[in-house]
Amino acid sequence: MPPVSKPSADRYDYVIIGGGSGASGTARRAASYGKKVAVVEATGVLGGCCVKVGCIPKKIMWYAADMADKLRNASGYNYSPIEPKFDWETFKPRRDQYVKNLTEAYARNFGKDGVEYHAGWGRFKDEHTVEVTRPDGSTYDLNAEYICIATGSRPAVPSEDSIPGAKLGITSDGFFELEKQPKKVVIVGAGYIALELAGVLNALGTETHMAIRGETVLRTFDPMIQTVITDWTEHTGVKIHKKTKVTKVEGTKIGEPVTVHLDSQEAPIQADYVLWAVGREPVTEDCGLDKVGVKVDPKGNVIVDEWQATNVPNIFSIGDCQGKALLTPVAIAAGRRISNRLFGPAKFKEDKLSYDNIPTVVFSHPPIGTVGLTEPQAREQFGDAKVKTYNAKFKSMFFDFVDDEHKEPTVYKLVVVGEEEKVVGLHMVGAGSDEGIQGFSVAVKMGALKKHFDDTVAIHPTSTEEIVTMR
């Protein structure tokens, strides 16, 4: 469905500013209840970060990198030795077309469900009115009973004052614009985006450096995960510069070689690109939030309560722009629950998203799956005496026929609390962890005890059988 060029109603039930996954989730759910719904998207392409420059293209690149790893291990299974050569220049258009197909599917689904798609910048005029500024500069108003802010976030880039030459770097957005595979890259950051992109580039043959401020990557994850994945990432060839900050970047323009200066005693690094993966910032400026009195925190995140409600009674917010749990499925789930509560049957009048025990995956090499509290969080919350962990460390059966240097680790940790040993956290590193965590997260969400895990018959031979046989 192409975007409409003017309002089709004097008043809408629901208008969403932003056209990403969360916006789609809440809009289509509201429309399913027969409501008049409009979505305003500024970029001219629906789907948001996840579809266009996030989860989807990232996972495709992870598959490509994982394939390279498997091809290198094929000789262990008596295939002729293979040294894979990846053709970035021909793969990128195929990946981009796949993404384009998905964004077009968003528009088709809007059409099927009766959601109006308005192309333009959405800005509050008052608490019930959104002004749409179209690409040609013309404007019109959408009047609505309820409005949801779902404008997302963008990758953060250091200021020129803090790091001279920072503007010469690219971000994860720029990574997906690369037409040719770089030969050498410096990635700045220790979070999951930095780790995932480093793993992809390294597996595909790019000399990859990471500059991190601490000793490990993924510093908000369980210490076991931090240690295991940092050590293995270094083992695979990624050069991690620890306790290091970038002080200056020299070069002429993006796409030309850069020199990255560090605050350590190491020599500056010459590279094709420097990639900033130092966090994300909400896209909430110039949205008229101040005009209607919607409160934001010092970083610009929209402040919401447990119902995703702002301080203005009819205005809500979901997704990255509200600063909590920046994950696509979270935005979708929160958005659907708003629509259930506002427009659905009575059984949904108390519907809201719980932010406890949200599972997440890092598509590193090997992948990571986690849900619930880390061990330090559990000890802080419940006290050392009440917390116990169960651990398993081994090599997946697949690697029994692979050279020792390529034998990826698999490590699992259960965090339990109290005499009944309630499972409050599960942390997994190793092949299959990205798929396995989903089912186990249901058990954790339901309040499963260690005994429930023990009472579950193992599936053999699998890696995850270790989770139900830990002692």
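Trainee: Why is Asp 66 called buried?
Mentor: Its relative accessible area is 17%. Buried means under 20%, exposed over 50%, and partly exposed in between, using a 1.4 Å probe and protein chains only. The value of 17% is under the cut-off, so Asp 66 is buried. Keep in mind that this is a predicted model: local features need pLDDT of at least 70, side-chain atom pairs need 80 or more, and totals for chains, interfaces and linings use all residues. Residues are numbered from 1 along each chain as its sequence is written, and side-chain values use heavy atoms, without hydrogens and water.

Trainee: Where does Asp 66 sit?
Mentor: Asp 66 is in helix H3, residues 55-73. Helices are DSSP runs of H or I with at least four residues, strands are E runs of at least two, and both are numbered from the N terminus. The protein chain has 12 helices and 21 strands.

Trainee: What makes the pair Asp 66 and Lys 70 a polar contact?
Mentor: Their side chains are joined at 2.9 Å. A polar contact is a pair of N or O atoms within 3.5 Å; within protein, one must be able to donate a hydrogen and the other to accept it, and residues adjacent in sequence count only if both atoms are side-chain atoms.

Trainee: Why is Asn 314 called buried?
Mentor: Its relative accessible area is 6%, so Asn 314 is buried. Asn 314 lies in the loop between H8 and E16.

Trainee: Which residues does Asn 314 contact, leaving aside neighbours within four places in sequence?
Mentor: They are Glu 127, His 128, Glu 145, Tyr 146 and Ile 147. Contact means heavy atoms within 4.5 Å. The side chain of Asn 314 also makes a polar contact with the side chain of His 128, at 3.3 Å. At 3.2 Å, the Asn 314 side chain reaches the backbone oxygen of Glu 145.

Trainee: What makes Asp 286 partly exposed?
Mentor: Asp 286 has 49% relative accessibility, so it counts as partly exposed. Asp 286 is in the loop between strand E15 (280-282) and helix H8 (289-292). Its phi is positive, about 55 degrees, although it is not a glycine.

Trainee: How do you know that Gln 308 is buried?
Mentor: Its relative accessible area is 2%, so Gln 308 is buried. Gln 308 is in the loop between H8 and strand E16 (315-317). Gln 308 also has a positive phi, about 70 degrees, and is not a glycine.

Trainee: How do you know that the radius of gyration agrees with a compact globule?
Mentor: The radius is taken over C-alpha atoms, and the globule rule is 2.2 Å times the number of residues to the power 0.38. For 471 residues a compact globule would be near 23 Å; the protein chain has 24 Å, so the values agree. Of those 471 residues, 51% count as buried.
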